[in-house]
Amino acid sequence: ELFMTKSPIEAVIINPGFVKPTMLMEEGKKLTQKMWELCEAKNGTSRAKDEFGPMMDHFMEYSALQPGTHVSKVCEAAE
């Protein structure tokens, strides 16, 4: 978008950890479930979910327990 509007492009890298509150976790769960369904439909087996599901579940549990950084702090850091 910036390129197409001939606006200057400024690159900023910020690692805020876990930005909260957002709906990313809930939306991510829905997308993950859809992904497992598509994998099973395509491959005819639940192998992907069987192999990688526990790792995904662990990451979601871990993420939920992490303290959050409010999105306003990300904006402040980018200024």
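User: Which residues form a nonpolar patch on the surface?

Analyst: This is a predicted model. The patch has about 520 Å² of accessible area together. One of its members, I9, sits in the segment before helix 1. The residues of the patch are L2, F3, M4 and I9.

User: Is I9 buried or exposed?

Analyst: The relative accessibility of I9 is 59%. Exposed means over 50%. Therefore I9 counts as exposed.

User: What volume does the largest pocket have, and which helices supply its lining?

Analyst: Helix 1 (24-43) and helix 2 (47-65) each supply at least two residues of the lining. The lining divides into nine nonpolar, four polar and two charged residues. The volume of the largest pocket is about 300 Å³.

User: Which residue forms a salt bridge with K30?

Analyst: The closest N and O atoms are 3.4 Å apart. K30 is exposed, with a relative accessible area of 54%. The partner is E27.

User: How far apart are N and O in the salt bridge of R47 and E51?

Analyst: Both residues lie in helix 2, four residues apart, so about one helical turn separates them. R47 is exposed at 56% relative accessible area, while E51 is partly exposed at 44%. Their side chains meet with an N to O distance of 2.6 Å.

User: How many salt bridges does a search of the whole structure find?

Analyst: K29 and E26 form a salt bridge, and both lie in helix 1. K30 and E27 form one too, as do R47 and E51. The number found in the whole structure is three.

Terms used: Residues are numbered from 1 along each chain as its sequence is written. This is a predicted model: local features need pLDDT of at least 70, side-chain atom pairs count only at pLDDT 80 or more; totals for chains, interfaces and linings use all residues. Side-chain values use heavy atoms; hydrogens and water are left out. On a 1 Å grid over the protein atoms alone, a cavity is a set of points where a 1.4 Å probe fits but cannot get out, and a pocket is an open set with protein on both sides within 12 Å along at least five of seven lines; lining residues have an atom within 4 Å of a point. Grid points are joined across faces, edges and corners, and a volume is the space filled by probe spheres set on the points. Ala, Val, Leu, Ile, Met, Phe, Trp, Tyr, Cys and Pro count as nonpolar, Asp, Glu, Lys and Arg as charged, and the others, Gly among them, as polar. Patches are made of residues with over 30% relative accessible area and no salt bridge: like charges are joined within 9 Å, nonpolar side chains (Val, Leu, Ile, Met, Phe, Trp, Tyr) within 5 Å. Accessible areas come from the Shrake-Rupley method with a 1.4 Å probe; for residues, only the protein chains shown count as cover. A salt bridge is a side-chain nitrogen of Lys or Arg within 4 Å of a carboxyl oxygen of Asp or Glu. Buried means under 20% relative accessible area, exposed over 50%, partly exposed in between (1.4 Å probe, protein chains only).
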